[in-house]
Amino acid sequence: MMKSMALYSLTLAFFFLSGAHAAKITFTNNCPYTVWPGTLTSDQKPQLSTTGFELASTASSAIDVQAPWKGRFWARTLCSTDSSGRFSCATAECSSGQVSCNGNGAVPPASLVEINIAADDGFNLPVSVATQGGTGECKSSSCPANVNAACPAELQVKGSDGSVIACKSACTAFNEPQYCCTGAFDKPETCPPTNYSQIFEQQCPQAYSYAYDDQNSTFTCSGAPNYVITFCP
């Protein structure tokens, strides 16, 4: 099963399920600037051989993932190392102090790619995921729009120069149950789309715009596909 992207909890996420024994995941940076992808293995399983790396503009890099595996990928931006040697980023920071995230996840807002290779929230940059090979509904999932340009002032994250560098979800910005689908709003019947989630939905129709937004986001891709993750598609 392949679910496309999620924007609730400040993230944009993709979910995949395939019957692969192993998969190659290729990262391509089409952004006009360097990004620093991070990786996180879920369920307290061992981390991948790399948990963070630098990816220059127009460059590509690949890693092999052994099934079963579940986890997430994202790209950090505006990163630097200070005089003490501590590495940090303005968006999607993993707070490890290093280029490697070492088991830490991204601080939202971040455009997340979540992949589940089975044995059988917010936004910071455009991203897409495509399959190579496989059988069934092996569709691409993409949010190529610059959501930052449409982000309401109350959700904006601004850089040191005053420009909008990321867009929070309403859940993170306000931490209220009706936006986070928690408490009395923890069911699809009680947590409908909001004006904020609809902004993301309009920009990225394939995306999850809130917790229960999955009607157009589930596909099935089997037969051991590989995956290509592209930043700024």
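Predicted model: local features only at pLDDT ≥ 70, side-chain atom pairs only at ≥ 80, totals over all residues.
Let's start with helix α3, residues 195-203. Which of its residues are buried? They are Tyr-196, Ser-197 and Phe-200. These residues span an arc of only 100 degrees around the axis, so they sit on the same side of α3. An α-helix has 3.6 residues a turn, so residues three or four places apart point the same way. The face turned away from the buried side of α3 carries the exposed residues Asn-195 and Gln-202. Among the elements covering the buried residues are β13 (164-167), α1 (170-174) and α2 (177-180).

The largest nonpolar core has 24 residues. Those with the most contacts inside it are Ile-25, Phe-27, Phe-73, Ile-115, Ile-229 and Phe-231. Elements giving two or more residues to this core include β3 (22-29), β6 (69-81) and β17 (226-231). Another core, of 12 residues, lies apart from it, with Phe-123, Ala-145, Cys-151 and Ala-170 among its members.

## Sulfur links

How many disulfides does a search of the whole structure find? It finds 7. One of them joins Cys-151 to Cys-167, with an S to S distance of 2.2 Å. This pair links distant parts of the chain, 16 residues apart: Cys-151 is in the loop between β11 (141-143) and β12 (156-158), while Cys-167 is in strand β13.

Cys-31 and Cys-232 form another disulfide, with sulfur atoms 1.9 Å apart. The torsion about their S-S bond is about 85 degrees, so this disulfide is right-handed. By contrast, the link of Cys-181 and Cys-191 is left-handed, with -75 degrees about the S-S bond.

How values were computed: Residues numbered from 1 in each chain as written. Heavy atoms only, no water. Core = buried A, V, L, I, M, F, W, Y, C linked by side-chain atoms within 4.5 Å. Buried < 20%, exposed > 50% of the residue type's maximum accessible area, 1.4 Å probe, protein only. Helix = DSSP H or I, 4+ residues; strand = E, 2+ residues; numbered from the N terminus. Arc of directions from axis to C-beta. Contact = heavy atoms within 4.5 Å. Disulfide = S-S within 2.5 Å.
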